[in-house]
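Visitor: Could you walk me through this structure, one feature at a time? I would like to learn how to read each of them.

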Amino acid sequence: MRAGAIAMALALAGAIASLWLLENTAPTLAFWALVIAVTIASWIGLERLARIDKPRWIGAILVPGLFGLLLLYLWQVLTVGFDVPPILLPSPARIGHQLAANLDLEWQDFRQTFLKSVLAGFVLGSGLGFIVAILVDRSPFLQRGLLPLGALVSAIPIVGIAPIMVMWFGFDWQSKAAVIVIMTFFPMLVNTLAGLASANSIERDLMHSYGAGYGQTLAKLRLPSALPFVFNALKINSTLALIGGIVAEFFGTPVVGMGFRISVEIGRMNVDMVWATIAVAALAGSVFYGILALIERGFTFWHPSYRQERS
Amino acid sequence: MSPTASGSHCVPATPMTTEALPRPIGLAATFGHLREGTALPVTVVLLVTIVAWYLGAIWLNSGLVEQRFEQTDKPATTAEFIDTAWSLDRPVLPAPHQVAIEFYDSVFTRDVTSPRSLVYHAYVTGSAAVVGFVFGTLLGIVLAVGIVSWRTLDRSLLPWIIASQTVPILAIAPMIIVVLGNVGLTGLMPKAVISMYLCFFPITIGMVKGLRSPDPLQLDLMRTYSANRNQVFWKLRWPASVAFLFTSLKVAIAISLVGAIVGELPTGAQAGLGARLLSGSYYGQTVQIWAALFMAALLGMALVAVVELAERLTLRRMGARP
């Protein structure tokens, strides 16, 4: 523990020094030696820290966090030190600067793409998939007809439907939401059906012996046991929805939105702005996923995968 | 309550090999055991879809048809109205037979190398997807092996790989095309890079799970044989992970096709299914869009089917009994 912390502290000091050198002087041989020393020291530190099991946050948060910082640092030093043309790969500092300078524009894009099309499409598509699954669940015939098709749909590049939706629903967010509805519907349908079938026969027999009807069995046994599957679909859908929203904007959009921004700024070779938009998209995607994971934890606290952690 | 056995003679039962193993929940996982006796239900659902499609074509095209009849000043009979709705040049929603005819025309009646042939476009997109898939698979396996055998990588890299799955990576696609175009790489390679980038994540995650799937009992047995790390890897971990590998491969090849198609969108590519979709949407050629969509769907299913076949052959060779 102590050796790891010392190595990390040394690496941090070296990193700050080398960044300062990079800012003020041309990179020399000594500078590169310092960079290599920082990399080795932080790797040794990570090796040490990764061996610690308790407290849990060291392995779960600190080690990946420090590793991420190391990657960012190397990215910055290598792009600036070797004078990589920004059009190939801008340095993180440039991207951050661009992001900070255009916060207003990024917010408008975020509102258009995420708050309007992605959220609307995600809620509608997932909700529809869930409701249809519960209805279809009562009819084994429909179930056997829809499930193989659902599996086939997973092999189809559904994003391709975007140009058609743009024609039907116009350029604004409605067409993007429609694409997302179609993309998110089937994962939810298939997972919910699998979840509803996951309650085993002993549990069902118990409900039967209590004299519970269809509705009671559904509400008290089958829906709760389907929840892990439902949340799995929600998490898959959160990524799909963001991808669908951005890609659909490549086919036509009002002059706002993250997909629009990406395609326009690429045309103008303004790569910094593209990276800044992607950073926003990445952040939005991770936060969206994280919120879903937190909600899942609240609803399915009884599931073995969470109980294991606590003990 | 469980009528699954009633129609099992229609379709041969799927081999048990893949089902005996724990698999990630996904579309493919649920596919297997609910497949028995599906021929009739699937046909019914498909028929209903086609009927709904024809009705939808009348409904959505009614505006265009009314315009056309207003110009001729002749009141239309219902039959005429419907007939026109199903045979417009640029309909809002083309009728299924229009799409089928366009599909047939552009697949079978044209020279395979002509840019008007869908086979040609499917080849352009498909080859990029497959090349990217191969590289992505290699990269994914290498990363997984590193993560499993090296604790530091496990602790530091794996969380980032998982987090990166929540990022809409496809948004980077246009940029990769532009960046590689600047270095002088055009054509197939940039698209393959996107496909590779998209499909190595599921493979890494699946392989990490698979390589860790041997239970302590089996690992202990290897230890009593005094097997070293290499032997444990090649004789226990690697074989145990193959079923997981194929499950991820099926996901990966589908994503890799999406990557190749999206890679053609923003750069004005001349050939490929994505280019076909884009030019169709510029010129309002809806029938062409739908035909390209069907080609993409068929290509996706074919690629997944090839992986599935490889899975079946491999598992059989490894001694899994059907």
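Guide: Gladly. Keep in mind that this is a predicted model. Let's begin with domains: the assignment for chain B gives domain 1, made of 3-8 + 26-93, and domain 2, covering 118-317.

Visitor: How far apart are the C-alpha centres of domain 1 and domain 2 of chain B?

Guide: Those centres are separated by 34 Å. As for contacts, four residues of domain 1 of chain B touch six residues of domain 2 of chain B. On the domain 1 side, the residues are two nonpolar, one polar and one charged.

Visitor: Now chain A. How many helices and strands does chain A have?

Guide: Chain A has 13 helices and zero strands.

Visitor: What percentage of the residues in chain A is buried?

Guide: Of the 311 residues in chain A, 43% are buried.

Visitor: Let's turn to the place where the two chains meet. What should I look for in an interface?

Guide: The size of an interface is often given as the accessible area lost when the parts come together. Here we can read it through residues instead: chain A brings 58 residues to the contact and chain B brings 53. On the chain A side, the elements giving two or more residues include α2 (29-50), α3 (56-81), α8 (173-196) and α10 (214-248).

Visitor: Which element gives the most to the side of chain A that touches chain B?

Guide: That is α6(A), with 12 residues. By type, the residues on this side of chain A are 44 nonpolar, 12 polar and two charged.

Visitor: How do I describe two helices that pack together?

Guide: Two packed helices are described by the angle between their axes and the distance between the axes. Take α2(A) and α3(A): their angle is about 170 degrees and their axes are 10 Å apart. Angles over 145 degrees count as roughly antiparallel, so α2(A) and α3(A) are roughly antiparallel to each other.

Visitor: Which residues of α2(A) and α3(A) meet?

Guide: From α2(A), the residues include Val35(A), Leu46(A) and Leu49(A). From α3(A), they include Ile58(A), Leu62(A), Phe67(A) and Val77(A). The residues of this contact divide into 12 nonpolar, three polar and no charged.

Visitor: One last topic, backbone angles. What is the phi of Asp83(A)?

Guide: Asp83(A) has a positive phi of about 60 degrees, although Asp83(A) is not a glycine. You will find Asp83(A) in the loop between α3 and α4 (92-101) of chain A. Met269(A) also has a positive phi of about 60 degrees without being a glycine, and Met269(A) lies in the loop between α11 and α12 of chain A.

Conventions. Residues numbered from 1 in each chain as written. Chains lettered and ligands numbered in written order. Predicted model: local features only at pLDDT ≥ 70, side-chain atom pairs only at ≥ 80, totals over all residues. Domains from an automatic or database assignment. Contact = placed C-beta atoms within 7 Å. Nonpolar A, V, L, I, M, F, W, Y, C, P; charged D, E, K, R; others polar. Helix = DSSP H or I, 4+ residues; strand = E, 2+ residues; numbered from the N terminus. Buried ≥ 20, exposed ≤ 12 C-beta atoms within 10 Å, placed from the backbone. Axes fitted to C-alpha atoms, helices over the stretch in contact; angles between N-to-C directions. Parallel < 35°, antiparallel > 145°, perpendicular 65-115°, else oblique.
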